[in-house]
Amino acid sequence: MDMYVEVKDLKKSYGEGGSFVQVLKGVTVGVERGEMCVIQGTSGSGKSTLLNCIGGLDDIDSGSCKVDGLEISGLKKDALSDYRRDTLGFIFQFYNLVPNLTVRENIEVCRYLTKDPLDMDELLETLGLKEHADKFPSQLSGGQQQRTAIARALIKNPKLLLCDEPTGALDSKTSKDILILLEKINKKYGTTMLIVTHNNSIKDMVHRVIYIKDGEIGKHYTNENRIPAEELEDL
């Protein structure tokens with residue numbers, strides 16, 4: 001087994017005194033290279049915090065978080081920036097597109113950050129954005145904006161894609177389109193993916209499912225019978 005993400009006894013808290021909250025209470029979990037993995041749990045369970053710790057957006061109180069053998073906790077600011085630039089792609093529920101840049105320009109912003117970007121035209125084609133490349137975000141539907149945000153994350157050819165509620169703001173048909181897209185990218189580029197979601201159906205299409213409850217791993221299993229994204233229901 002080639003564990004790409006290895007989290008051991010990870011603890012994370014916020015605040016102090018009366019406002020002290022222990023969000024992650026010693027989480028241990030691993031994800032293999034090339035896997036799609038869903039992280040589920042109710043609001044406040046710690047799933048987004050776990051994603052942010054792996055992404056180097058949140059500091060870790062104690063424990064270990066390794067990605068491809070690199071220990072994230074304790075990295076100095078410059079090394080952390082390098083890690084995020086060279087290894088990660090982020091997709092959030094809110095698209096965070098630059099409103100006065102076109103689709104192509106929004107994607108190019110990230111292309112300049114990397115040594116080994118994917119081919120822009122191939123990516124636009126794969127994501128169904130070719131005919132929208134010169135439009136501004138305000139001229140796009142929600143699904144097209146999310147595709148642009150995905151393209152921006154992917155142009156860097158990240159080894160690890162972190163998705164926080166990537167379908168949270170989308171209707172069910174558009175959600176399915178986005179999930180089919182993520183599946184296609186996983187197959188085509190072997191991208192390891194961690195997807196935080198409230199949506200209970202998404203777990204059926206991924207290789208691994210992690211449930212977090214009250215800051216601890218409730219359940220953790222690999223999916224023996226994956227369903228293609230195309231066949232997911234109740235999105």
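How many aromatic pairs does the structure hold? The structure, a predicted model, holds one aromatic pair, and the legends below begin with that pair.

**View 1. The aromatic pair of Phe 90 and Phe 92.** The ring centres of Phe 90 and Phe 92 lie 5.8 Å apart, and the ring planes are at 5 degrees. The pair is therefore stacked, since planes under 30 degrees apart count as such. Phe 90 is partly exposed, with a relative accessibility of 22%. Phe 92 is also partly exposed, at 30%.

View 2. Strand S1 covers residues 3-14 and strand S2 covers residues 21-32. Nine bridges pair the two strands in the antiparallel sense. Tyr 14 has Val 21 of S2 as its bridge partner. Six residues lie between the strands of this hairpin, and Gly 15 adopts a positive phi near 75 degrees.

View 3. Val 67 belongs to strand S4. Its relative accessible area is 2%, so Val 67 is buried. Beyond the neighbours within four places in sequence, Val 67 is in contact with Tyr 4, Val 5, Ile 54, Ile 72, Tyr 83, Thr 87 and Leu 160. Gly 46 is 21 residues from Val 67 along the chain, and the C-alpha atoms of these two residues are separated by 19 Å.

**View 4. Asp 68 in the loop between S4 and S5.** The loop that holds Asp 68 runs between strand S4 (62-67) and strand S5 (70-71). Most residues other than glycine have a negative phi. Asp 68, in contrast, has a positive phi near 55 degrees. With a relative accessibility of 41%, Asp 68 is partly exposed.

**View 5. Glu 165 in the loop between S7 and H6.** Glu 165 is another residue that is not a glycine and has a positive phi, here about 50 degrees. Its loop lies between strand S7 (160-164) and helix H6 (172-189). Is Glu 165 buried or exposed? The relative accessible area of Glu 165 is 11%, so this residue is buried; the cut-off for buried is under 20%.

View 6. Strand S3 (residues 36-40) runs parallel to S9 and is joined to it by four bridges. One of the bridge partners here is Arg 208 of S9, which pairs with Cys 37. Strand S10 (residues 216-222) runs antiparallel to S9, with six bridges between them. Ile 212 is opposite Ile 217 of S10. The hairpin formed by S9 and S10 has two residues between the strands, and Asp 214 in the turn has a positive phi of about 50 degrees.

**View 7. Packing of helices H5 and H6.** Helix H5 (residues 142-154) packs with H6 at an angle of about 20 degrees, and the two axes are 10 Å apart. H5 and H6 are therefore roughly parallel to each other, as angles under 35 degrees count as roughly parallel. The helices have a right-handed crossing. On the H5 side, the residues that meet H6 are Gly 143, Gln 146, Arg 147, Ile 150 and Leu 154. On the H6 side they are Thr 174, Asp 177, Ile 178, Leu 181, Leu 182 and Ile 185.

Technical notes: Residues numbered from 1 in each chain as written. Predicted model: local features only at pLDDT ≥ 70, side-chain atom pairs only at ≥ 80, totals over all residues. Heavy atoms only, no water. Pairing = 2+ DSSP bridges. Buried < 20%, exposed > 50% of the residue type's maximum accessible area, 1.4 Å probe, protein only. Contact = heavy atoms within 4.5 Å. Phe/Tyr/Trp six-rings, centres within 6.5 Å; stacked < 30°, edge-to-face > 60°. Axes fitted to C-alpha atoms, helices over the stretch in contact; angles between N-to-C directions. Parallel < 35°, antiparallel > 145°, perpendicular 65-115°, else oblique. Left-handed = near helix turned anticlockwise from the far one by under 90°.
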